[in-house]
Amino acid sequence: MEQANQTPLARRLQGAVPRGVQLPHAMGLCADDFFGVVGEITRREERYQEVYSVLVRPYEKTDGSLTRVYDLVAKADELEPLDKSALLFRLLVEPFDTMRRYGADTTERKEE
């Protein structure tokens with residue numbers, strides 16, 4: 001089976017949002033701030049400090065400039081498939097699922 005030409009994720013992300021529509025503010029946060037906020041909201045600060053430090057920080061820019069969440073999503077497109085999936089999961093799925101399950105007022109898992 002012939003592999004179709006694929007548009008890189010970074011280019012798809014740029015074109016995914018119609019002009020005049022803004023990305024969610026969370027995507028523009030610096031990665032360390034994003035995981036700090038997720039930790040505060042869910043009262044799982046230690047968990048999200050570890051996720052950031054161990055699993056996300058290695059993919060940040062090394063020139064000292066700020067790395068925003070959307071920068072990391074675009075960077076994921078350059079990674080090997082397993083690393084790409086893991087990084088995207090940590091950025092786009094796990095934090096929002098955790099915030100859905102854990103509210104700011106409780107650390108108990110919400111029943112489905």
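**Contacts along the chain.** I began with contacts (heavy atoms within 4.5 Å), and found that residues 24 or more positions apart account for 62% of those in the chain with a separation of 6 or more. I noted that this is a predicted model, where local features need pLDDT of at least 70, side-chain atom pairs count only at pLDDT 80 or more, and totals for chains, interfaces and linings use all residues. Residues are numbered from 1 along each chain as its sequence is written, and side-chain values use heavy atoms, with hydrogens and water left out.

**Overall make-up.** I looked up the secondary structure next and found six helices and zero strands in the chain. Helices (H or I, at least four residues) and strands (E, at least two) are DSSP runs, numbered from the N terminus. Of the 112 residues, 26% are buried, where buried means under 20% relative accessible area, exposed over 50%, and partly exposed in between (1.4 Å probe, protein chains only). I also wrote down the accessible surface of the chain, about 8,100 Å², with 49% belonging to carbon and sulfur atoms. Such areas come from the Shrake-Rupley method with a 1.4 Å probe; for residues, only the protein chains shown count as cover.

**Helix H3.** I then turned to H3, which runs over residues 31-42. Its first and last C-alpha atoms are 17 Å apart, close to the 16 Å expected (1.5 Å times one less than the number of residues). Which residues of H3 are buried? I found Ala31, Phe34, Phe35, Val38, Gly39 and Thr42. They sit on the same side of H3, because they cover an arc of only 135° around the axis (taken from the directions from the helix axis to the C-beta atoms). These buried residues pack against helices H2 (25-28), H4 (45-56), H5 (69-76) and H6 (81-101). Just after H3, I saw that Arg43 takes a positive phi of about 60°.

**Phe35.** Phe35 counts as buried, at 1% relative accessibility. Leaving aside neighbours within four places in sequence, Phe35 touches Tyr48, Val51, Tyr52, Val56, Arg90, Leu91 and Pro95. I checked Val56 in particular: Phe35 and Val56 are 21 residues apart in sequence and 9.6 Å apart in space, C-alpha to C-alpha.

**Phe89.** Is Phe89 buried or partly exposed? I found this residue of helix H6 to be partly exposed, with a relative accessible area of 38%.
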